[in-house]
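Please place the sequence and the model side by side before reading on. The paragraphs below lead from strands to helices.

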Amino acid sequence: MDAKLNAEWHRLKQVLRGYRGTILANAFQIEMQVDQLLCEILFPASDDPNIKPDQNIPLTKGSARALRNLFDEFVLKAGTMPTISFGYKIELLGNLAEQIGEVRAVVPPNLIKTLNNLRRIRNNFAHYPITFIPKKGPVGEQTLEIALATHKARYKIDQAYFERTDAMFHAADEGLKAANEAMRNNLNREQDASLREALGE
């Protein structure tokens, strides 16, 4: 390997190390948003700071916050038992969307597909090596091709790959934020309707 190609290899190695970290950090953020959405679906408005359940957690509306915290601790981020995987959380979200009309309205199949694609990308960057392959050409004019080699396929890592992946993360981020907001707004509308009904309006 000539000096120019060696310098390029070192430069790209640093770029890819940073990008791998970005992929893992972004995937962690997306998984946290999935956790929030699952909690919002299963325990609506339970992050309301005014909710103060009794210590024994009776099964009332006021117990929602404590139940949500237990679900988060024992299921989503379990420390004393195997934590459920990102893939399982996505599957659970998809199953809830199939069964609950309000969830289906805000979690379309393409969002589930994007989340699964991001999960695979995250897993690939976490578990498989990135290789640098010199392209054929005269000494001093060679360039490097970057590839992520998995047991199933080899993915060419270039600017177009970066842009597609970044666009997927952005779409998932926006979709999950919108779904969380829509679930909260649905609950607020239901509460407003119940209040109006109780007031005889």
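Which residue of β3 does Ala147 stand opposite? Ala147 stands opposite Lys156 in β3. The structure is a predicted model, in which local features need pLDDT of at least 70 and side-chain atom pairs count only at pLDDT 80 or more, while totals for chains, interfaces and linings use all residues. Residues are numbered from 1 along each chain as its sequence is written, and side-chain values use heavy atoms, with hydrogens and water left out.

The strands and helices named here are DSSP runs, numbered from the N terminus: helices are H or I of at least four residues, and strands are E of at least two. Two strands are said to pair if DSSP finds at least two bridges between them. On that basis, three strands form an open sheet with antiparallel pairing, and their order is β1-β2-β3.

The strands β2 and β3 form a hairpin, with four residues between them. In a regular strand the side chains alternate between the two faces of the sheet.

For their geometry, axes are lines fitted to C-alpha atoms, for helices over the stretch in contact, and angles run from 0 to 180 degrees between N-to-C directions. Angles under 35 degrees count as roughly parallel, over 145 as roughly antiparallel, 65 to 115 as roughly perpendicular and the rest as oblique. Helix α1 (residues 3-42) packs with helix α5 (residues 109-127) at an angle of about 140°, their axes being 9 Å apart. The two helices are therefore oblique to each other. The contact (heavy atoms within 4.5 Å) involves several residues of α1, including Tyr19, Ile23 and Leu24, and several of α5, including Leu115, Ile121 and Phe125. By class, this contact has ten nonpolar, no polar and three charged residues; Ala, Val, Leu, Ile, Met, Phe, Trp, Tyr, Cys and Pro count as nonpolar, Asp, Glu, Lys and Arg as charged, and the others, Gly among them, as polar.

Aromatic rings also come into the picture. Rings of Phe, Tyr and Trp (its six-membered ring) pair if their centres lie within 6.5 Å; planes under 30 degrees apart count as stacked, over 60 as edge-to-face and the rest as tilted. By this rule there are three aromatic pairs. In one of them, the ring centres of Tyr19 and Phe125 are 5.9 Å apart and the planes stand at 70°, so the pair is edge-to-face. This pair links distant parts of the chain, Tyr19 lying in α1 and Phe125 in α5, 106 residues apart.

Helix α1 also packs with helix α3 (residues 86-99), at an angle of about 40° and with the axes 10 Å apart. This makes α1 oblique to α3. Among the residues in contact are Ala27, Ile30 and Val34 of α1 and Phe86, Leu92 and Leu96 of α3. The residues of this contact divide into eleven nonpolar, no polar and three charged.

There remains the packing of α3 with α5. Their axes come within 10 Å and cross at roughly 175°, which means that α3 is roughly antiparallel to α5. Phe86, Gly87, Ile90, Leu93 and Gly94 in α3 meet Ile112, Leu115, Asn116, Arg119 and Arg122 in α5. This contact comprises five nonpolar, three polar and two charged residues.
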